[in-house]
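Here's a quick tour for anyone meeting this structure for the first time. Take a look at the sequence and the model, then read on.

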Amino acid sequence: MDEQEIDAFWADARVRAGLNPARAYGGPVVADTMRPAAWSFGATPEQADELLRLVLDGTKTATASARWDYHADQESLPEPGDLSIILDSRGHPRALIRTTEVAVVPFDRVGAEHAYAEGEGDRSLAHWREVHRRFFTEHAEHGRGFSEDMPVVLERFRTLVTQ
């Protein structure tokens, strides 16, 4: 990951997304000083690029994560309004997204609408469950294993800028 490349992307994305309000009225704002987190979807280079492709073509507008991973990594849950820089598998910034909704639900209560918004495979709930059951089992950051009632963080987002 090239920090200078990400900083340059952020400087350009702020302007392109209209996140740089006129400073003449109030001086610098938080967006001028704090770059959003930069990360990739998935756990492998192949997943990162495939899921990014879905974001770039407008198909993917949601994602899901194991709640237990946030706890294990001592990370806060995403919140509506959060910005994220999405990286490709080589660490290059390719998109700026804004979180619009966050909910935590048991795995077995994730609905078809969310599965469709994730944009993967045939976009069905059955496909979503199969892929995410495997993902949450193989790539867990926690030691609790998989369970049908494990809490899942469902995040909806809007893509603001692509490159």
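UniProt positions are given here in the numbering used for this model, feature names are shortened, and an annotation may be inferred rather than shown by experiment. Keep in mind, too, that what you're looking at is a predicted model.

## What the record says

With that in mind, UniProt's unreviewed entry lists residues 39–161 as "domain: ASCH". Over that stretch, the chain is 32% helix and 29% strand.

## The overall build

Count the pieces and you get six helices and five strands. Walking along the sequence, they come in the order α-α-β-α-β-α-β-β-α-α-β. The radius of gyration is 17 Å, close to the 15 Å that the globule rule gives for 163 residues, so the protein is as compact as a globular protein of that length.

If you boxed up the C-alpha atoms along the principal axes, you'd need roughly 55 × 30 × 30 Å. As for who touches whom, take the contacts between residues at least 6 apart in sequence: 72% of them join residues at least 24 apart.

## Inside and outside

How much of the protein is tucked away? Of its 163 residues, 36% count as buried. The protein exposes about 8800 Å², and carbon and sulfur atoms supply 49% of that area.

Then there are the charges: 18 positive and 28 negative.

## A buried spot: Thr-63

Let's zoom in on strand β2, which covers residues 62–66 and holds Thr-63. Is Thr-63 buried or exposed? Its relative accessibility is 9%, and anything under 20% counts as buried, so Thr-63 is buried.

Which residues does Thr-63 touch, leaving aside those up to four places away in sequence? The list is Phe-41, His-114, Glu-118, Val-153, Leu-154, Glu-155 and Phe-157.

## An exposed spot: Ala-126

Now hop over to helix α6, which spans residues 125–138 and includes Ala-126. Why does Ala-126 count as exposed? Its relative accessibility is 59%, and the cut-off for exposed is over 50%, so Ala-126 makes it into that group.

Where does Ala-126 sit relative to Ala-66? The two are 60 residues apart in sequence, and their C-alpha atoms are 18 Å apart in space. Ala-66 falls within the residue range of strand β2, 62–66.

Note on methods:
Residues are numbered from 1 along each chain as its sequence is written. This is a predicted model: local features need pLDDT of at least 70, side-chain atom pairs count only at pLDDT 80 or more; totals for chains, interfaces and linings use all residues. Side-chain values use heavy atoms; hydrogens and water are left out. Helices (H or I, at least four residues) and strands (E, at least two) are DSSP runs, numbered from the N terminus. The radius of gyration is taken over C-alpha atoms; the globule rule is 2.2 Å times the number of residues to the power 0.38. Buried means under 20% relative accessible area, exposed over 50%, partly exposed in between (1.4 Å probe, protein chains only). Contact means heavy atoms within 4.5 Å. Accessible areas come from the Shrake-Rupley method with a 1.4 Å probe; for residues, only the protein chains shown count as cover. Lys and Arg count as positive and Asp and Glu as negative; His and the chain ends are not counted. The place of a charge is taken as NZ of Lys, CZ of Arg, CG of Asp or CD of Glu.
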